[in-house]
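Student: I would like to learn how to read some features of a structure. Could we take them in turn?

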Amino acid sequence: MASPLTPGGSISTELRVNDRIRVPEVRLVGPGGEQVGIVRIDDALRLAAEADLDLVEVAPTARPPVCRLMDYGKYKYEAAQKARESRRNQSNTVIKEMKLRPKIDQHDYDTKKGHVVRFLKAGDKVKITIMFRGREQHRPELGYRLLQKLGEDVSDLGVVEAHPRQDGRNMTMVLAPLKKKSEAQAEVKAEKAKTTAERAAEREAEAAADKAHREATQKTATPKKPRRRSENLDPDMEA
C-alpha cells in the first residue's frame, strides 16, 4: 500500500498536520529525509515554525507516530497536478476483434493483417478469432499455425497476451500492443502533424515553382508590335 505522501499517490484526508497532532512525542524526519529522532511534540512544532514548514503525521500507527517537516500546501498542489496529468494521459484499452478463416487466401490475409497492425499502432488489444466450419473443425492445427504466423508477422508491434486456445468451433488469441495507449496516440498525432507539415511544404514549393515559371515566361515573351495607324483613315475621323 502506497504511503499517503508518496508522489503520485492519493493524499489521505486522515493526515493530521501541526496542532491537530495530539501525542506527547513523535519520531521526527527532517525536510530532506534525515532522521532527527524522537522529540516532544512541542519541540517538533517549534522546529517546524522556525523552518517555516508544516509538521505532518505520515505514519500515525507507528509508536511513536512518525512526523515529517515539509511545505504541506506545496506538496498537495504538486500531488494534485500529478494526479491531473495522470488522468489526462490515461486511456482505457480497447479490445478490437478480427475474424479469419483457417484457409484464408494471401490477399485477404494481408488485408486482415493490415487492420491488426493499425489497431496495435493505436495502442489497442486485438482478439483474433479463427472460425472453423464443417470438416475444418477436425483440423485445429490449421488455425494454430495461422495464429502463430500472424503473431510473428506483427511481433514488432505487439506481443501474444493470450495464447491460441480452442473455444467451441472457434480458436482465439489475444495480441497486446507493445506501447501504451497514450504513447501510441502521441506517436499517431506526431505522425499526422509531420505529414501535414510535409504536404504544406510541398504546396508552397509548387506555388513558388509556378510563380517562377510565370515570371520567366513573361520575361522571354516577344513584345507586341505597336499598332500602326491606317493610311486610309479619313482625316476628319482623326480630328
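Student: Is Tyr 72 buried or exposed?

Tutor: This is a predicted model, so the answer describes computed coordinates. The cut-off for buried is under 20% relative accessible area. Tyr 72 has 9% relative accessibility, so the residue counts as buried. Tyr 75 has 13% and is therefore buried as well.

Student: How many aromatic pairs does a search of the whole structure find?

Tutor: A pair of aromatic rings is described by the distance of the centres and the angle of the planes. Here the search finds one aromatic pair. Tyr 72 and Tyr 75 form this pair, with 6.5 Å from centre to centre and 15° between the planes. Planes under 30 degrees apart count as stacked, and the pair is stacked.

Student: Why are Tyr 72 and Tyr 75 separated by about one helical turn?

Tutor: Both lie in helix α2, residues 72–89, and because they are three residues apart there, about one helical turn separates them.

Student: Which pattern does the chain follow along the sequence?

Tutor: The secondary structure comes to six helices and eight strands. In sequence order the pattern reads β-β-α-β-β-α-β-α-β-α-β-β-α-α.

Student: What is the strand order of the open sheet of four strands?

Tutor: Strands of a sheet pair through backbone hydrogen bonds, either parallel or antiparallel. In this open sheet of four strands, the order is β2-β1-β4-β3 and the pairing is mixed.

Student: In which sense do β1 and β4 pair?

Tutor: β1 and β4 are parallel, with three bridges. Leu 28 stands opposite Cys 67 of β4. On the other pairing of β4, with β3, the sense is antiparallel and there are five bridges. There, Cys 67 in β4 is the bridge partner of Glu 57.

Student: Where does helix α1 pack?

Tutor: Helix α1, residues 41–50, packs on the sheet and touches β1 (25–29), β2, β3 and β4. The direction of α1 makes about 125° with that of β2.

Student: How many bridges join β1 to β2?

Tutor: Five bridges join these two strands, which run antiparallel. Val 29 stands opposite Gln 35 in β2. The two strands form a hairpin with five residues between them, and Gly 33 in the turn has a positive phi of about 90°.

Student: What is the count of salt bridges?

Tutor: The test for a salt bridge is a side-chain nitrogen of Lys or Arg within 4 Å of a carboxyl oxygen of Asp or Glu. By this rule there are nine salt bridges. In one of them, Asp 43 meets Arg 40, with the closest N and O atoms 3.4 Å apart. Asp 43 is partly exposed at 23% relative accessible area, and Arg 40 is partly exposed at 47%. Both belong to a network of salt bridges that links Arg 40, Asp 42, Asp 43, Arg 46 and Glu 50.

Student: Which parts does the salt bridge of Glu 136 and Arg 101 tie together?

Tutor: Their side chains meet at 2.9 Å, N to O. Glu 136 lies in the loop between β6 (125–131) and α4 (140–153), and Arg 101 in the loop between β5 (95–100) and α3 (106–121), so the pair ties together parts 35 residues apart in sequence. Glu 136 is buried, with a relative accessible area of 12%, whereas Arg 101 is partly exposed at 28%.

Student: Which residues is Thr 172 in contact with, leaving aside its neighbours within four places in sequence?

Tutor: Thr 172 lies in strand β8, residues 170–177, and counts as buried at 8% relative accessibility. The contacts of Thr 172, with those neighbours left aside, are Lys 127, Ile 128, Thr 129, Leu 147, His 163, Pro 164 and Arg 165.

Student: What share of the residues of the chain count as buried?

Tutor: Of its 239 residues, 26% count as buried. The chain exposes about 17400 Å², and carbon and sulfur atoms supply 50% of that area.

Technical notes. Residues numbered from 1 in each chain as written. Predicted model: local features only at pLDDT ≥ 70, side-chain atom pairs only at ≥ 80, totals over all residues. Heavy atoms only, no water. Buried < 20%, exposed > 50% of the residue type's maximum accessible area, 1.4 Å probe, protein only. Contact = heavy atoms within 4.5 Å. Pairing = 2+ DSSP bridges. Axes fitted to C-alpha atoms, helices over the stretch in contact; angles between N-to-C directions. Areas by Shrake-Rupley, 256 points an atom, 1.4 Å probe, with all protein chains shown as cover. Phe/Tyr/Trp six-rings, centres within 6.5 Å; stacked < 30°, edge-to-face > 60°.
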